[in-house]
Amino acid sequence: AGGVTPQLRPTEWGVELTMAVNAVAPYALTESLRPLLESTAAVHGGARVVTVASEAHRFAWLPEADPADLAEALRQPPGPYVPIVAYFRAKLAAMAWTLELARRLEGTAVTANACHPGLVRTAVFDGMGLVGSAAKLFSALYLSPETGAEAPFRLATAPEYGERTGRYVVRSFFTRPHEAKPSKAARTPANGAVVWEALSRLAS
């Protein structure tokens, strides 16, 4: 699941909804399934975690902060709520977490990879004011949901991604799904560790 809310909306446990849906929920779900993933991988030779991330992660940054401070920054963004900025931030958190998960799962036969499905024709921009209106002007150029499914489907089924981990696959208007390098903020191990701890605090 993914999305962005046009107004600041906290969940019942106080986490800003865009962050909750795009980063905290995948973290919490994966951690709850992790023992099953690892036992399945041991018996059947592998298991996979696939995160639907976004190239939007490149437009966010992580403040230098300890996990407690970062958790608060991710819980409720500082300053006025700007929907697209909240989306950038959440996708960076999801990307950094996925790469950290890959590091933590080394040696378990569980792979963790992320993808950008492309700009897909969905309702993600509905209710976003000027940004949403501008996005709809070009919606005829967006990828169909079926085409947008190519990148996550490849990570979930292609034999090579039963072994490759910590990878990022991108689909664009002009290219088939291919591997790309995530942003420096996402792939720095120190950032991944801090994001992991921050998401853990938000999910508890």
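What follows is a conversation about a predicted model, its sheet, its helix packing and its pockets.

Visitor: What makes β1 and β4 the edge strands of the sheet?

Guide: The open sheet has four strands in the order β1-β2-β3-β4, with mixed pairing. β1 (47-52) and β4 (178-179) each pair on one side only, and that makes them the edges.

Visitor: How do you know that β2 and β3 count as paired?

Guide: Two strands pair if there are at least two bridges between them. Strand β2 (residues 110-116) and strand β3 (residues 168-170) have three bridges, in the parallel sense, so they meet that cut-off. Ala-114 stands opposite Tyr-168 in β3.

Visitor: Which helices lie across these strands?

Guide: Among them are α1 and α3. Helix α1 (residues 17-44) lies across β1 and β2, and runs at about 145 degrees to β1. Helix α3 (residues 83-104) lies across β1, β2 and β3, at about 155 degrees to β2.

Visitor: Why is α1 called roughly perpendicular to α8?

Guide: The two helices pack at an angle of about 85 degrees, with their axes 9 Å apart; α8 covers residues 189-203. Angles of 65 to 115 degrees count as roughly perpendicular, so α1 is roughly perpendicular to α8. On the α1 side the contact is made by Ala-23, Val-24, Tyr-27, Ala-28, Glu-31 and Arg-34, and on the α8 side by Trp-196, Leu-199, Ser-200, Leu-202 and Ala-203. By class, these residues are eight nonpolar, one polar and two charged.

Visitor: What makes α3 roughly perpendicular to α8?

Guide: Here the angle is about 105 degrees, and the axes are 8 Å apart. The range for this term is 65 to 115 degrees, so α3 is roughly perpendicular to α8. From α3, the residues Ala-93, Ala-96, Trp-97, Glu-100, Leu-101, Arg-103 and Arg-104 meet Pro-189, Gly-192, Ala-193, Val-195, Trp-196 and Leu-199 of α8. This contact has nine nonpolar, one polar and three charged residues.

Visitor: How do you know that Pro-26 is in contact with Trp-97?

Guide: Contact means heavy atoms within 4.5 Å, and Trp-97 is listed with Ala-20 and Val-21 as a contact of Pro-26 once neighbours within four places in sequence are left aside.

Visitor: Which residues are closest to the centre of the largest pocket, and which element gives the largest share of its lining?

Guide: This pocket holds about 1,000 Å³ of space. Of its 43 lining residues, Val-52, Ala-53, Tyr-87, Lys-91 and Pro-117 are the closest to the centre. α1, β1, α3 and α5 (145-148) give two or more residues each, and α1 has the largest share, with eight. The lining divides into 29 nonpolar, 11 polar and three charged residues.

Visitor: How many charged residues are there in the lining of the second largest pocket?

Guide: One, beside 10 nonpolar and no polar residues. The lining consists of Phe-59, Ala-60, Trp-61, Pro-63, Leu-70, Ala-73, Leu-74, Pro-78, Val-85, Phe-88 and Arg-89. Arg counts as charged, so Arg-89 is that residue. α2 (67-75) and α3 each supply at least two lining residues, and the space is about 190 Å³.

Conventions: Residues are numbered from 1 along each chain as its sequence is written. This is a predicted model: local features need pLDDT of at least 70, side-chain atom pairs count only at pLDDT 80 or more; totals for chains, interfaces and linings use all residues. Side-chain values use heavy atoms; hydrogens and water are left out. Axes are lines fitted to C-alpha atoms, for helices over the stretch in contact, and angles run from 0 to 180 degrees between N-to-C directions. On a 1 Å grid over the protein atoms alone, a cavity is a set of points where a 1.4 Å probe fits but cannot get out, and a pocket is an open set with protein on both sides within 12 Å along at least five of seven lines; lining residues have an atom within 4 Å of a point. Grid points are joined across faces, edges and corners, and a volume is the space filled by probe spheres set on the points. Angles under 35 degrees count as roughly parallel, over 145 as roughly antiparallel, 65 to 115 as roughly perpendicular and the rest as oblique.
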